[in-house]
Amino acid sequence: MAIKTIEPLQKNSAQKESGKPKSASGTAKLSPRSALPLDQIMVGDCVESMNSLPAGSVDLIFADPPYNLQLGGDLVRPDNSHVDAVDDDWDKFDSFADYDKFTRDWLKAARRVLKPEGAIWVIGSYHNIFRVGAAIQDLGFWILNDVVWNKSNPMPNFKGTRLANAHETLIWAARSQEQKKYTFNYDALKTANDDLQMRSDWWTLPICSGGERMKNADGRKSHPTQKPEALLHRIIVGTTNPGDVILDPFFGTGTTGAVSKLLGRHFIGLERDKDYVEVATRRIENVRELGAEDIEVQSSKKAEPRVPFGALVEHGLVRPGDRLYCPQNRHVARVRADGSISNGDATGSIHRMGAHVQNAPACNGWTFWHYKSDQGLAPIDLLRRKFRAQMGL
C-alpha cells in the first residue's frame, strides 16, 4: 500500500514565493482535480488534507476525534501501578473554545467532501460528544441516530469517585436534512441480529484487546484509543456498499482501513503521526480481502424492483382460474385474467382480498396467499422472485 504525504494548496504569499512543491521521494501534491488517493494514507493535517480532495467525492466518513479528556494527573491502580491512559499531545487543547473551533473546522471540511447522499459517523465519550453533536447540527448535518456502544469489558474507575465509564456514543448523520437518500442496509443488520430489528441503544462489544490490539516493539499499545474491528464491521456493513469510499480523518492505527479492505470498500486515511502511519500500514498490508460473493449486502425488499401480481398472470406463472390459499387453508381465492382475485362475491387485489378475508385493515398479499407446489403450499412471493430472475430485474 502506497503512502503519500501532501502539501495542501495554500493561498498565502509564502506559498507563492516558495515556488514548486517539494520533489522528495514519497511526497505528492494533490489538487482538487486529482484522482482520489484510494486505499492510501495521507500524512498531514486532516483539515488541509480534506480541503485538498475533490468536493462530493466520499460516500461515508468515520471519525474518532480527540476526546479532550482534560486529565488532571496520572492515573494509578489500587496497587499503585500506572494506568496507560490518554495523555498524548493530540488530545490536549487550551480551552473548550479551542476544541470547539477545531471540531467545527474538521466537520466543515468533512461535509464538503461528502457526496450529496453521503453520511458521517462520529464517536466520542461524555467529554466531547455533546459539543461535537451541537457542531454537527449547527453545520447543517442531519442526525439520523445516536448509538450506545456498551463496553463489555470497560476499564474500572480506580478511584471509586464516579460510575465506571462503560460506554461511548456514536452519532450517525446524513450530510443534510434535504437529502432523500442515504445508505442503510436494514435487512443486512436485521439478519446479523438474528432477524431482530437492530437497535441503537445497546451495541455490546468489548474494547480492543488481545491479539487485535496493536503494540509497539516494547509491548506497549501503539494507540490508547484503538477501536474494535467489530464496531467498524457493523457500521461498514450497515451503512455502505462494496466499492464505496470511506474516509477516516483520524486514522490512527488503521482500524477503518483494515475493515474496509476486508469488506471490499475503499478507504482514505488521514493521519499526521508518522508512528501511527507505520503501524497502520503494516496492519492493512496483512489483511486479506474477502471474495466478491462473500461481501454482497443483503438487499432490502423496498429496494427491489416492483412487480405487480398481474405481471405474473400475463407471463403464465399464475393462470386465470388457478386457486390461491391462505397459510391455514381456510380461505381460497380464484385468480382472474386482469390480475385481481375473487373470494365469493368480493374481488380485488391480492392485498385487498387478503385483508378482506381476515377482516384486517391491511395485508401483504405476497406472503399471505399461497399456491400449490410439488412440495405443498408455497407463498406466491416465490413466484415473484422467479419472475425477477427471469426478467433480469
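## Where H3 meets H4

In this predicted model, local features need pLDDT of at least 70 and side-chain atom pairs count only at pLDDT 80 or more, while totals for chains, interfaces and linings use all residues. The axes of helix H3 (residues 96-113) and helix H4 (residues 129-138) come within 10 Å and cross at roughly 45 degrees. That angle makes H3 oblique to H4 (angles under 35 degrees count as roughly parallel, over 145 as roughly antiparallel, 65 to 115 as roughly perpendicular and the rest as oblique). Axes here are lines fitted to C-alpha atoms, for helices over the stretch in contact, and the angles run from 0 to 180 degrees between N-to-C directions. As for the labels, helices (H or I, at least four residues) and strands (E, at least two) are DSSP runs, numbered from the N terminus.

On the H3 side you'll find Phe96, Tyr99, Asp100, Thr103, Arg104 and Leu107, and they meet Arg131, Val132, Ala135, Ile136 and Asp138 of H4. Contact means heavy atoms within 4.5 Å. Sorted by type, the residues of this contact come to 6 nonpolar, 1 polar and 4 charged (Ala, Val, Leu, Ile, Met, Phe, Trp, Tyr, Cys and Pro count as nonpolar, Asp, Glu, Lys and Arg as charged, and the others, Gly among them, as polar).

## Where H7 meets H8

Next up are helix H7 (residues 255-262) and helix H8 (residues 274-285), whose axes come within 9 Å and cross at roughly 15 degrees. H7 and H8 are therefore roughly parallel to each other, and their crossing is right-handed.

H7 brings Thr255, Gly257, Ala258 and Lys261 to the contact, and H8 brings Arg283, Ile284 and Glu285.

## Two loop residues with positive phi

Asp194 has a phi near 55 degrees, a positive value in a residue other than glycine. To find Asp194, look in the loop between helix H5 (186-192) and strand E7 (203-205). Asp194 counts as exposed because its relative accessibility is 67% (buried means under 20% relative accessible area, exposed over 50%, partly exposed in between, with a 1.4 Å probe and protein chains only).

Asn329 is another non-glycine residue with a positive phi, near 65 degrees. Asn329 sits in the loop between strand E10 (323-325) and strand E11 (332-335). At 46% relative accessibility, Asn329 counts as partly exposed.

## Reading the numbers

Residues are numbered from 1 along each chain as its sequence is written, and side-chain values use heavy atoms, with hydrogens and water left out.

Conventions. A crossing is left-handed if the near helix is turned anticlockwise from the far one by less than a right angle, and right-handed if clockwise.
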